[in-house]
Amino acid sequence: MQQFALICGDAPDALAARMAARADHMAGLKTERTAGHMVDGGAMLDEAGNMVGSVVLCQFESRAALDDYLSREIYAREGIWGEIEIISMRFVDWSKLMAD
C-alpha cells in the first residue's frame, strides 16, 4: 500500500457548501475506512473555529487508486476543496516502535 497525506484547503466561501455536503463526505469516509484506506484525518480550522479545509492520512494500492477515490469524494468532486496537495509518505509503525 502506498501512503499519503492530503492537505486540502477549501475554496473561498465554501463553508455553506461544505456543511451541505458533510453527511455525504462522512459516509464516504466511513466506507473508505472500512476498506482500510483511511488512517486518520480531520478538519482544518481558522482562528474563529470554522472549518476551512481537511487533512487526510490515507493509503491506497496506487496513486491511481487515490485519484479514483478523489473522483468519488464529494468535497473534491464539488470543488469544496479548492486546493489538494498530495504528499507521498511513510506512516510510523507505532506497534513496532513501541515494542522496541
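In the predicted model described here, E32 touches H37, M38, F60, Y69 and R72, residues up to four places away in sequence being left out, where contact means heavy atoms within 4.5 Å. Residues are numbered from 1 along each chain as its sequence is written, and side-chain values use heavy atoms, with hydrogens and water left out. Because the model is predicted, local features need pLDDT of at least 70 and side-chain atom pairs count only at pLDDT 80 or more, whereas totals for chains, interfaces and linings use all residues.

E32 lies in helix 1, which covers residues 15–34; helices (H or I, at least four residues) and strands (E, at least two) are DSSP runs, numbered from the N terminus. With a relative accessible area of 7%, E32 is buried, a class that means under 20% relative accessible area, while exposed means over 50% and partly exposed lies in between (1.4 Å probe, protein chains only). The side chain of E32 makes polar contacts with the side chain of H37 at 2.7 Å and with the side chain of R72 at 2.5 Å. A polar contact is a pair of N or O atoms within 3.5 Å; within protein, one must be able to donate a hydrogen and the other to accept it, and residues adjacent in sequence count only if both atoms are side-chain atoms.

The chain comes to four helices and four strands, arranged from the N terminus on as β-α-β-β-α-α-β-α. Its C-alpha trace spans about 45 × 30 × 20 Å along the principal axes, and 31% of the 100 residues count as buried. Of the contacts with a separation of 6 or more, 68% are accounted for by residues 24 or more positions apart.

Two loop residues were examined individually. D13, in the loop between strand 1 (2–10) and helix 1, is exposed, with a relative accessible area of 80%, and has a positive phi of about 55° although it is not a glycine. Most residues other than glycine have a negative phi. N50 is found in the loop between strand 2 (38–45) and strand 3 (51–60) and, at 32% relative accessibility, counts as partly exposed. Not counting residues up to four places away in sequence, N50 touches L15, M44 and L45; N50 and L15 are 35 residues apart in sequence and 7.9 Å apart in space, C-alpha to C-alpha.

The largest pocket holds about 280 Å³ of space. On a 1 Å grid over the protein atoms alone, a pocket is an open set of points where a 1.4 Å probe fits, with protein on both sides within 12 Å along at least five of seven lines, and lining residues have an atom within 4 Å of a point. Grid points are joined across faces, edges and corners, and a volume is the space filled by probe spheres set on the points. Of the 17 residues that line this pocket, H25, M26, L29, G41 and G42 are the closest to its centre. Helix 1 gives the largest share of the lining, seven residues, and helix 1, strand 2 and strand 3 each supply at least two.

Zero disulfides were counted, a disulfide being a pair of cysteine sulfur atoms within 2.5 Å. The sulfur of C58 is 8.6 Å from the closest cysteine sulfur, in C8, and is therefore too far for a bond. Both cysteines are buried, with 0% relative accessibility for C8 and 0% for C58.
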